[in-house]
Amino acid sequence: MSFLSSPTGFLTSKIKDALGWARKYSIFQYPFVTACCGMEYMSTAASHYDVDRFGAGFPRFSPRQSDVLFVVGTISHKMAPVLKTIHDQMCEPKWVVAFGVCTCTGGFYDNYATVMGIDTIIPVDIYIPGCPPRPENVIDGLMKLQEKIQKGEQSRTLYDPRTKTGRPAELQQGYSIEQHIKHIESAS
Amino acid sequence: MEAHAFRGDETLVIRPGALLAVAKFLKETPELDFNVLMDLTAVDYLFFAGGRVQKEFRFEVVYHFYSLKHNHRLRLKVPVDEKDPEVDTLNDLWPSANWYEREVWDMFGIQFKGHPNLKRILMYEEFQGHALRKDYPFNKRQPLIGPQN
């Protein structure tokens, strides 16, 4: 519960709740922008949709000063070690947002170059699918992240492609290449 | 070897040994004056037309030239064998060939004889094989970090 809503004006909350409240409205984000999702990210960050209403209007371009990593756009295998280093450099507590379907699962890419979801490399707290996601979608994800920060929760697990654990069930229902070939063959 | 025109695009197919001489001729003859190398790429004909068309060579390196002065274009094709995929570099005539040839080496594994810095340009050094060859499994991944998926 928030101490501002207390009718007596006394602080009767737990220190954890107060910290969560403070953290969720002062998100210092690190935008790791690699691809076309960056346009939608900029649109969300600019005055029309205005992420500053949620306290996230202050992007830091140093991982040491930020606490939410926004991974915006496709991550290639060449880029993957860089992303991992950036994540390692961030101070605790830290959260990761996968922005766009490429970062969530690899999206429509199934080739030699693309990482099939950044959750195979770094733990992801919030998945925002979409190609690219609309700003409303992003803001919805941001509010879900705020709830998570308020509760003091952080994701610590990676996705394991062999056991298929560590990723939301909604994102597991991918469109496999076998399905695609079957689809083409049935159409022709 | 062959010359044809399709919808106004002239194409020459030449032997690999003649490449340097032809390229020099195209660049330095005043009536031709091809001063721009627009593009340099390659084609892998391994499973061309679903394997129905068998060519006696596997690769073809394709050059696109353009003349700013005369406003005309030419496409040059050089068939390359699978066993010894190598052609001469055009880096000395058109410096823009440098990165194009590195890309073709990276993606198709075609060597360019005399190239000053023939190393991978898009993929990382640890990458094994050449990704745009038709016998490279299209979804085979070689992650630097993370699980082998």
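Tutor: Two strands count as paired if DSSP finds at least two bridges between them, and with that in mind we can read this predicted model.

Student: In what order do the four strands of the open sheet in chain A stand, and is the pairing parallel or antiparallel?

Tutor: Strands of a sheet pair through backbone hydrogen bonds, either parallel or antiparallel. In chain A the order is β1-β2-β3-β4, and the pairing is parallel. The edge strands are β1 (29-33) and β4 (126-128) of chain A, each of which pairs on one side only, and the twist from one strand to the next averages 15°.

Student: How many bridges join β3 to β4 in chain A?

Tutor: Three bridges join strand β3 (residues 95-99) of chain A to β4(A), and within β4(A) the bridge partner of A:Val97 is A:Ile126.

Student: Which strands of chain A does helix α5 lie across?

Tutor: Helix α5(A) lies across β3 and β4 of chain A, running at about 175° to β4(A).

Student: How is α5(A) placed relative to helix α2 of chain A?

Tutor: Two packed helices are described by the angle between their axes and the distance between the axes. Here the axes of α2 (residues 37-45) and α5 (residues 135-151) of chain A come within 9 Å and cross at roughly 70°, and the two helices are therefore roughly perpendicular to each other. The contact is made by A:Glu40, A:Ser43 and A:Thr44 of α2(A) together with A:Pro135, A:Val138 and A:Ile139 of α5(A).

Student: Where in chain B is there a hairpin?

Tutor: In chain B, β4(B) and β5(B) form a hairpin with four residues between them, and nine bridges join these antiparallel strands.

Conventions: Residues numbered from 1 in each chain as written. Chains lettered and ligands numbered in written order. Predicted model: local features only at pLDDT ≥ 70, side-chain atom pairs only at ≥ 80, totals over all residues. Axes fitted to C-alpha atoms, helices over the stretch in contact; angles between N-to-C directions. Parallel < 35°, antiparallel > 145°, perpendicular 65-115°, else oblique. Contact = placed C-beta atoms within 7 Å.
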